[in-house]
Amino acid sequence: MKFILLGAGKTGAVVADVAASRGHSCEVIEVTENRNACALTKQRLASIDCVIDFTTPEAVMPNIEATIRAGKNMVVGTTGWYAELPHVRNQVERAGTGFVWASNFSMGVNLFFAIVREGAKALKYGYEPAVVETHHVHKLDAPSGTAVSLAKSIEQFAGKKVRVDSHREGEVIGIHSVELLSAGDKITLTHEALNRRGFAEGAVRAAEWLKGKRGFYEFQEFFSQLKS
């Protein structure tokens, strides 16, 4: 497959390596070349199978809109734009393209979501939930998209808002914990990313899965179908 990668930062650089290791070609477009998505023309994307975005909350919406206009499929790992999800879904469905998004493309994190949903059953026994996330000091959004998704998954059981505490420390890649507290004990569920390869592998495998498909998908909907 042929990919265009937007955002050659810490995660994006690993995406390019993973794509190459899985036999794909991956052209990287730097931020300086793509102000307001100016590089994402129909001509530039004509031979591309999928655009993969790991940019910033400010850059991602112009990138999404340009990719949809070009009629191309897209995988978005950027967070901080989720207020626009209904709008993007509408645009994708009208254009007949394929689109996958996730607050986190790590297979481990998506398994963690399932574990948390099971753990949330503790709420019916009087436990109070909280989400705690820690990331590196360079992360632009707080709370993280993953923490927001965890809180929302618990809120389905809690019927109320779940507190999210955010911390920014050094070069921490990502730690997410769900705490369930009662008068007598505390249950803590934690996922810690040791490096960025898990995010990159999930994004590339999502792009592979999306080939030939149309529609608007969240990674959680199908990640369990993926094979190595």
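**Close-up views of a predicted model**

**View 1. Strands E6 and E7 side by side.** Strand E6 (residues 128-135) and strand E7 (residues 163-168) run parallel and are joined by six bridges. Here helices (H or I, at least four residues) and strands (E, at least two) are DSSP runs, numbered from the N terminus, and two strands pair if DSSP finds at least two bridges between them. Look for threonine 134, which stands opposite histidine 167 in E7.

Residues are numbered from 1 along each chain as its sequence is written, and side-chain values use heavy atoms, with hydrogens and water left out.

**View 2. Strand E1 and its partners.** Four of the five residues of E1 (residues 2-6) are buried, so this strand is largely enclosed by the rest of the structure; buried means under 20% relative accessible area, with exposed over 50% and partly exposed in between (1.4 Å probe, protein chains only). E1 pairs in the parallel sense with strand E2 (residues 25-29) over five bridges, and lysine 2 stands opposite serine 25 in E2.

**View 3. Threonine 11 in its surroundings.** Threonine 11 sits in helix H1 and, at 16% relative accessibility, counts as buried. Leaving aside residues up to four places away in sequence, threonine 11 touches Phe54, Arg196 and Phe199, where contact means heavy atoms within 4.5 Å.

**View 4. The six-stranded sheet.** Follow the order E2-E1-E3-E4-E5-E10 across this open sheet, where the pairing is parallel. E2 and strand E10 (215-218) stand at the edges with a single partner strand each, so one side of each is left without a neighbour in the sheet. From one strand to the next, the twist averages 20°. Helix H3 (residues 57-69) packs on the sheet, touching E1, E3, strand E4 (73-76) and strand E5 (98-101), and its direction makes about 160° with that of E4. Axes are lines fitted to C-alpha atoms, for helices over the stretch in contact, and angles run from 0 to 180 degrees between N-to-C directions.

Note on methods: This is a predicted model: local features need pLDDT of at least 70, side-chain atom pairs count only at pLDDT 80 or more; totals for chains, interfaces and linings use all residues.
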